[in-house]
Amino acid sequence: MKMESSLILVGLLLASSFSFSKACPNGLLVNVDFPGSDITFLYSPSVEHCQQLCTQHPACLFFTFIRPDWTSDNRHFYCYLKSTPSGQPSSQTPLLGVISGFSLKTCNPEPRPCFSQVFQNVDFFGADYRTLFTPDIQECQRVCTQDPGCQFFAFMKEDHPIHNIRFKCYLKFSWSVPRTPIVEKKAGVTSGFAQKTQQTQELDTPCQNQFFPNTDIPGSNLEHQKSVSVEHCQVLCSAHPKCTYFSFSSDDFECYLKNNLNNLTVKPKDGITSGIPAHFCQLDDTWVKQSYEGVDFRGSDIRFELMDTAELCQLKCDEDPNCQFYTYVDENFSDRAAWRRCYLKRVITMPAPPIVNKQASVVSGFSLRDCRTSLA
């Protein structure tokens with residue numbers, strides 16, 4: 001991104017006042033860019049949301065957020081996640097329309113960050129699973145907050161240019177349970193989950209699981225995710241508001257989430273277990289407490305530490321507030337240099353709109369379930 005020379009003095013003053021303290025670097029640098037060192041970019045409606053994305057991303061150490069008043073091109077609401085081996089930006093340059101800052105991994109993180117702000121003339125585009133008409137933005141947000149599947153929403157105002165979608169409230173979904181992006185069989189490793197991680201809601205009534213061993217439900221695929229067991233696959237299906245049933249392949253750890261409200265047709269198939277999601281009951285969580293020998297949760301690494309056993313690795317994951325799952329490498333692994341490594345891992349589980357756009361007569365926001373403020 002180009003440097004604005006007129007902001008050099010401002011940028012230097014801001015930079016000199018900012019502390020690189022590892023204790024909790026929660027300051028923000030307005031109109032300062034951290035150029036280069038990009039891991040990826042995600043859409044984000046605010047710098048606070050962008051900072052939380054960086055905090056939850058396994059590798060992100062600092063970020064630059066492009067504000068809606070940015071004028072150099074059409075990159076609005078871009079959240080650039082960044083990292084360097086030193087943990088600090090290679091450089092800082094003054095730049096109008098951006099804000100930069102650091103991951104809050106070293107702070108005391110809130111388990112589920114609260115985003116109470118609503119965004120005028122901003123559309124959280126995509127991820128719709130349900131629509132309804134509401135009289136105002138407040139009712140749309142209340143519906144989203146009460147709906148277990150809703151993470152964020154977009155409301156079409158009464159002056160929207162398309163008449164037939166005025167007052168329409170779009171409820172939207174993103175994953176709030178940890179997902180292991182890559183699961184594969186590999187000798188010499190053991191993987192598992194942090195015991196502290198809440199995978200499902202805490203409910204009084206135990207679920208009566210319905211599984212169909214050696215049975216496939218072909219077609220109607222909604223999406224597929226990696227899962228380590230059929231129980232894990234059921235949790236993913238139960239969390240997704242559009243999933244009506246699922247099929248799990250034990251050979252390659254594929255969990256096929258399916259959407260068909262009209263029929264359920266099964267056929268025999270070895271190595272496939274199918275099932276039905278659960279609603280408003282307590283799912284069995286024994287799969288979370290197990291360790292999985294010969295299974296690698298590849299990628300999503302925060303860091304690694306040397307440990308003597310897989311059990312100690314799991315304890316380390318439990319102690320680390322950022323760790324959701326882990327992989328331990330033992331002496332049966334092919335690469336001797338990796339022996340005794342305990343890889344601590346995580347993925348983003350906060351509400352994250354897939355796209356954020358400027359859009360007149362649209363108001364967007366988040367569920368308030370994780371906020372302390374009263375809805376009364």
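Arginine 303 has leucine 344, in strand 21, as its bridge partner. The model is predicted.

**Exercise 1.** Find how many bridges join strand 19 to strand 21, and in which direction the two run.

*Solution.* Strand 21 covers residues 341-345. Five bridges join strand 19 to strand 21, and the two strands run antiparallel.

**Exercise 2.** State the order of the strands in the open sheet, and say which are the edge strands.

*Solution.* The sheet has five strands in the order 18-10-20-21-19, with antiparallel pairing. Strand 18 (291-297) and strand 19 are the edge strands, since each pairs on one side only. On average, neighbouring strands of this sheet are turned by 40° against each other, direction ignored.

**Exercise 3.** Identify which strands helix 6 touches.

*Solution.* Helix 6 spans residues 310-319 and packs on the sheet. The strands touched by helix 6 are strand 10 (183-193), strand 19, strand 20 (325-329) and strand 21. The direction of helix 6 makes about 150° with that of strand 20.

**Exercise 4.** Decide whether leucine 306 is buried or exposed, and list its contacts beyond four places in sequence.

*Solution.* First place the residue: leucine 306 is in strand 19 (residues 301-306). Its relative accessible area is 52%. Exposed means over 50%, so leucine 306 is exposed. Leaving aside neighbours within four places in sequence, leucine 306 is in contact with Trp339, Arg340 and Arg341. Serine 191 lies 115 residues apart from leucine 306 along the chain, and their C-alpha atoms are separated by 15 Å.

Note on methods: Residues numbered from 1 in each chain as written. Predicted model: local features only at pLDDT ≥ 70, side-chain atom pairs only at ≥ 80, totals over all residues. Heavy atoms only, no water. Helix = DSSP H or I, 4+ residues; strand = E, 2+ residues; numbered from the N terminus. Buried < 20%, exposed > 50% of the residue type's maximum accessible area, 1.4 Å probe, protein only. Contact = heavy atoms within 4.5 Å. Pairing = 2+ DSSP bridges. Axes fitted to C-alpha atoms, helices over the stretch in contact; angles between N-to-C directions.
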